[in-house]
Amino acid sequence: MKKRVFSGIQPTGDIHIGNYLGAIRNWVLSQVELDNIFCIVDLHAITVSQDPGVLKVKIREVAGLLFAAGINTAESAVFIQSHIPAHSELTWILNCFTPMGWMRRMTQFKEKSQRHKEEVSVGLFDYPVLMAADILLYDTDVVPVGEDQKQHVELARDIAQRFNFIFGETLKVPEVTIPEVGARIMGLDDPTQKMSKSEDGPGRVIYLLDSPDDIRSKIKRATTDSRREIRFDESRPGICNLLVIYELFTGLGRTEIEARWEGKGYGDFKRELAEVVVEGLSPLQSRYRELTADSTYIDSLLAEGMRRILPIAEKTLAAVKDKVGLG
Ligand code: TYM
């Protein structure tokens, strides 16, 4: 039996190389050994304000990008969260068994509620419980995410354990996996800030659909430091972040990379890095254009994914309702 993987991505903003290197690429690399479910989390997206027309378009765009990056329907089910009502229903039930104290510790809520001060909704606070419901509905063994989602997956584990403690074994307790390299890709203009869909200062983020010229100019302007050595040195976050991106796109080892750039300058390194990223994204960009040429194709893949996994979600929800005494 293959282990079951579940992970999700928000259809807000544009997908960037942080999402790709921290998550999507790893989903693709381990796809064959695992039983995979990937969710486009539109219910999470509406925890902050969205333009309805844009959101609908972005949902299909993210799906197109996942398939273009190499997710295939033979190994993986990709679906839209709101198409399976069990996500919302299980969230409500889990809400009733999640202590407020656990929720108040969530660091992403603290950051996001600072950013969206005037419009902090109950939904934004409850976001981690919805995420727990996503994961727990599918008897998930592993949840591969970037570092920023680790605390949320740990909360999902705590919620499952608490539910099982109260009602007896019902929910599988998942493991979180974070990549050794690339778990936190930083902003190009400010390497102390995470590369993020929601906080795009000019030149901070390289999007998967950026043109070659945009990629070149963003990398050229990336913040480094006044030193010269090109080394994986975490005390120099700018050059270190660029080296991590180089490492992941080229597949070269760290010693080899440092030897290759010994005695050379940041300018030459940035020029080569830009070409490596342009070439690395080019196959994905052309597959994306092919896949989205027929506007109904992506929807048909999503419907197929949804049909395959719906029975798993319904079975878990029925078991939970039964344990709690509903119906
Ligand atoms: P989201 O949409 O913000 O990001 C999708 C994935 O990309 C990773 N990521 C990064 N990795 C490295 N460096 C970065 N700068 C970077 N930025 C983002 C994220 O860690 C994530 O793995 N709440 C989730 C979506 C979600 C989910 C789930 C995930 C909803 N339900 C259930 C796993 C399981 C989110 O907003 O991801």
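Three elements, β1 (4–9), α1 (17–29) and α7 (122–136), each give at least two residues to the shell around the ligand. Keep in mind as you look that this is a predicted model. Around the ligand there are 28 residues, and those that come nearest are Gln10, Tyr127, Asp134, Asp148 and Lys197.

**The ligand and its shell**

- What classes of residue make up the shell around the ligand? Twelve are nonpolar, eleven are polar and five are charged.
- Asp134 places a polar side-chain atom 2.7 Å from a nitrogen atom of the ligand.
- Lys197 also uses its side chain: one of its polar atoms lies 2.5 Å from an oxygen atom of the ligand.
- Ile185 takes part through its backbone instead, with an N or O atom 2.8 Å from a nitrogen atom of the ligand.
- How much of the ligand does the protein bury? On its own the ligand would expose 720 Å², and the protein buries 97% of that.

**The second largest pocket**

- This pocket holds about 380 Å³ of space.
- Its lining is made of 16 residues, and Arg184, Met186, Glu234, Cys240 and Val244 lie nearest its centre.
- Which helix supplies the largest share of that lining? It is α10 (residues 237–250), with four residues.
- Sorted by class, the lining of this pocket has nine nonpolar, two polar and five charged residues.

**Aromatic pairs**

- Searching the whole structure turns up eleven aromatic pairs.
- One of them joins Tyr20 and Phe249, whose rings are stacked, with 6.2 Å from centre to centre and 25 degrees between the planes.

**The cavity**

- How many cavities of 30 Å³ or more does the structure hold? There is one.
- The largest cavity contains about 40 Å³ of space.
- Gln108, Phe109, Lys112, Leu124, Tyr127, Pro128 and His152 line the largest cavity.
- By class, the lining of the largest cavity has four nonpolar, two polar and one charged residues.
- Look again at Tyr127: this residue lines the largest cavity, and it is also among the residues that come nearest to the ligand.

Key
Residues are numbered from 1 along each chain as its sequence is written. This is a predicted model: local features need pLDDT of at least 70, side-chain atom pairs count only at pLDDT 80 or more; totals for chains, interfaces and linings use all residues. Side-chain values use heavy atoms; hydrogens and water are left out. A residue is near a molecule or strand if one of its heavy atoms lies within 4 Å of it. A polar contact is a pair of N or O atoms within 3.5 Å; within protein, one must be able to donate a hydrogen and the other to accept it, and residues adjacent in sequence count only if both atoms are side-chain atoms. Accessible areas come from the Shrake-Rupley method with a 1.4 Å probe; for residues, only the protein chains shown count as cover. Ala, Val, Leu, Ile, Met, Phe, Trp, Tyr, Cys and Pro count as nonpolar, Asp, Glu, Lys and Arg as charged, and the others, Gly among them, as polar. On a 1 Å grid over the protein atoms alone, a cavity is a set of points where a 1.4 Å probe fits but cannot get out, and a pocket is an open set with protein on both sides within 12 Å along at least five of seven lines; lining residues have an atom within 4 Å of a point. Grid points are joined across faces, edges and corners, and a volume is the space filled by probe spheres set on the points. Rings of Phe, Tyr and Trp (its six-membered ring) pair if their centres lie within 6.5 Å; planes under 30 degrees apart count as stacked, over 60 as edge-to-face and the rest as tilted.
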